[in-house]
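Here's a quick briefing to read alongside the model. Grab your viewer and follow along.

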Amino acid sequence: MVVRTAARLDPALVLLWSMTPYTADAPLLAELARRDVPVRAAGPGWHPVGGRVGPVVNGLPVALREVSAHTGREITG
């Protein structure tokens, strides 16, 4: 469902938020990336996974910087 929705909406960036390691879905993150959907892991649940999924976004300011960097437009919150 997430993959189809992201492909249909063509988002600037998808943040997959996880509060716990149990909900950190590395296969979903990999599938989105494989389909050229711009995606980042976000939230404390990704920390045990670490560098295997790339940088982990924590908090709104960091998320906004990621979107700004990806789109080339400054986005503030």
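This is a predicted model: local features need pLDDT of at least 70, side-chain atom pairs count only at pLDDT 80 or more; totals for chains, interfaces and linings use all residues.

Buried means under 20% relative accessible area, exposed means over 50%, and partly exposed is in between, using a 1.4 Å probe and protein chains only. Residues are numbered from 1 along each chain as its sequence is written, and side-chain values use heavy atoms, with hydrogens and water left out.

**Overall fold**

- The protein chain has 3 helices and 3 strands, with helices (H or I, at least four residues) and strands (E, at least two) taken as DSSP runs numbered from the N terminus.
- Along the sequence they come in the pattern α-β-α-β-β-α.
- Along the principal axes, the C-alpha atoms fill a box of roughly 35 × 25 × 15 Å.
- Among contacts (heavy atoms within 4.5 Å) with a separation of 6 or more, 54% link residues 24 or more positions apart.

**Nonpolar core**

- A nonpolar core here is a set of buried Ala, Val, Leu, Ile, Met, Phe, Trp, Tyr and Cys residues joined through side-chain atoms within 4.5 Å.
- The largest one has 14 residues, and Val14, Leu16, Leu29, Leu32, Val39, Trp46 and Val53 touch the most other members.
- At least two residues each come from α1 (2-9), β1 (14-17), α2 (26-34) and β2 (39-42), and α2 gives the most, with 3 residues.
- Not counting residues up to four places away in sequence, Leu29 touches Leu16, Val39, Arg40, Ala41, Trp46 and Val53.

**Two buried serines**

- Ser18 sits in the loop between β1 and α2 and counts as buried because its relative accessibility is 0%.
- Beyond four places in sequence, Ser18 contacts Thr23, Ala24, Ala42, Gly43, Pro44, Gly45 and Trp46.
- The side chains of Ser18 and Thr23 are joined by a polar contact of 2.7 Å.
- The Ser18 side chain also reaches the backbone oxygen of Thr20 at 2.5 Å.
- A polar contact is a pair of N or O atoms within 3.5 Å; within protein, one must be able to donate a hydrogen and the other to accept it, and residues adjacent in sequence count only if both atoms are side-chain atoms.
- Ser68, in helix α3 (residues 60-71), is buried with a relative accessible area of 15%.
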